[in-house]
Amino acid sequence: LHRMIDGMNMAWSDRNKYLADPDWVDIPVRYENDEYCEQFTSSATCPAGCGWNRADGGSEEGKYLTGTRGELRGCRSIGLLSKDYANARRDRFSSLFKIAQVPLPPGNFSSIADDTWLADYKDKVGTTHLSVIDRWGNMVSMTTTIEENLGTGIVVKGRGFLLNNELTDFSFNSKTGSGSGYANRPEGGKRTRRTALGQDAQTFGGKRPRSSMTPTIVLTPDGKPFLAIGTPGGGRITYTVFNALLAILDRNETLKEAIDAPRCISMNGVTELESAYNCNCSSALPQDRYLVSALRARGLQFTTSPSSSTSPYLEAALLRPDASLSCYADQQRMQTAQAFCEGKLDVSGWKK
């Protein structure tokens, strides 16, 4: 749980600084062994999203990427999705005996100012999720939102649906303390939809606000989908799904066990622990009371919340190896959530 909290805080800090409409913002996303970075042969030309050995005068991240893990030589990928970058962030902030103190600063890629980026979040109640597996194994994980309850309150005439007020998902502050612009700030005008496919990449549109929606489909090692999962819940969506995926994939829990379990959510501020973890709660198990006491001794600042309708409520559908289905909806936190499973899949036409 200690490692989870540190990891969530680090990721949330980077999320708030770097993530925004990719048609408007150059998000430093680079993978391992990315040839893009390796084509640059000097520290002077090594771009954002890549890193140069600090001894050669490169980016701030370079100093994290030297030492026990070996020195980088040349321009290398250190984007948000690279293992080098993840290891660097962990080694810089995480300790075996102490929770990293929040708020954590984001990673600093070359030419990008380093500020402390706090949680940009508020509760929202206008989001819906569904997870579906049909008889042939096709899967859908779909989250849709109109932002606040009833959105703008405006119904499209003759169509019967509400317009959203998703513009409130932009960052309310346009600039940071150092004067650099928030990636998710509102901006006027239109730009090419460079992330679109085919001819749509030549179309133009306005800037889209960032969203925490996390509809997820998990694949087997050979590329076959076996799990669809997601939830409504505003800024808590991402880490609610994360909690469940850890339980299902790492601890082999059933959908019910994973979804009903108490959650830990930390968005680079005070950590939220659901009340089953609360050492002052009479229903808490002894091991949970001990766990929270141990985390507090390591410097954890936390608040507790009940498992109620204010918490995100997950919906998931799972395809078992024998082609049978498992599905579960979180009625513990939302009594109106529903799940329906029936029979086995028709696998007669599947390719072996």
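Which cysteine does a disulfide join to Cys327? In this predicted model, the partner is Cys341, and the distance from S to S is 1.9 Å. A disulfide is a covalent bond between the sulfur atoms of two cysteines. The structure holds one disulfide, and because Cys327 lies in strand β13 (residues 325-329) while Cys341 lies in the segment after β13, the pair ties together parts that are 14 residues apart in sequence. Cys341 is partly exposed, with a relative accessible area of 39%.

## The chain as a whole

The protein chain contains six helices and 13 strands. Of its 352 residues, 44% count as buried. When contacts between residues at least 6 apart in sequence are considered, 58% of them join residues at least 24 apart.

## The sheets

Strands of a sheet pair through backbone hydrogen bonds, either parallel or antiparallel. The strand that carries Cys327, β13, belongs to an open sheet of four strands in the order β7-β8-β12-β13, with antiparallel pairing. Strands β7 (216-219) and β13 stand at the edges of this sheet, and each has a single partner strand, so one side of each is left without a neighbour in the sheet. From one strand to the next, the twist averages 10°. Within this sheet, β7 and strand β8 (residues 225-230) run antiparallel and are joined by four bridges, and Leu219 stands opposite Pro225 in β8.

Another open sheet is formed by three strands in the order β9-β10-β11, and here the pairing is mixed. Strands β9 (264-265) and β11 (302-305) are at the edges with a single partner strand each, so one side of each is left without a neighbour in the sheet. The pairing of β9 with strand β10 (residues 271-274) is antiparallel and runs over two bridges. Is Cys264 buried or exposed? Cys264 is buried, with a relative accessible area of 0%, and its bridge partner in β10 is Leu273.

Strand β3 (residues 127-133) runs antiparallel to strand β4 (residues 139-145), and seven bridges join the two. One of the facing pairs is Thr128, which stands opposite Thr144 in β4. In the hairpin of β3 and β4, five residues lie between the strands, and Gly137 takes a positive phi near 90°.

## How the helices pack

Helix α1 (residues 2-18) packs with helix α3 (residues 83-93) and also with helix α4 (residues 237-250). The table sets out the two pairs.

| Helix pair | Angle between axes | Axis distance | Handedness of crossing |
|---|---|---|---|
| α1 and α3 | roughly 120° | within 11 Å | right-handed |
| α1 and α4 | about 145° | 12 Å | right-handed |

The axes of α1 and α3 cross at roughly 120°, which makes α1 oblique to α3. Where these helices touch, Met10, Ser13 and Asp14 in α1 meet Tyr85, Arg89, Arg90 and Phe93 in α3. The contact between α1 and α4 involves other residues of α1, namely Met4, Gly7, Met8, Ala11 and Trp12, which meet Tyr239, Phe242, Asn243 and Leu246 in α4. Helix α4 also lies across β7 and β8, running at about 150° to β8.

Where does Leu96 have its place? Leu96 is in the loop between α3 and β3, and at 53% relative accessibility it counts as exposed. Although Leu96 and Arg3 are 93 residues apart in sequence, their C-alpha atoms are 8.5 Å apart in space. Not counting residues up to four places away in sequence, Leu96 touches His2, Arg3 and Arg298.

Methods. Residues are numbered from 1 along each chain as its sequence is written. This is a predicted model: local features need pLDDT of at least 70, side-chain atom pairs count only at pLDDT 80 or more; totals for chains, interfaces and linings use all residues. Side-chain values use heavy atoms; hydrogens and water are left out. Two strands pair if DSSP finds at least two bridges between them. A disulfide is a pair of cysteine sulfur atoms within 2.5 Å. Buried means under 20% relative accessible area, exposed over 50%, partly exposed in between (1.4 Å probe, protein chains only). Axes are lines fitted to C-alpha atoms, for helices over the stretch in contact, and angles run from 0 to 180 degrees between N-to-C directions. Angles under 35 degrees count as roughly parallel, over 145 as roughly antiparallel, 65 to 115 as roughly perpendicular and the rest as oblique. A crossing is left-handed if the near helix is turned anticlockwise from the far one by less than a right angle, and right-handed if clockwise. Contact means heavy atoms within 4.5 Å.
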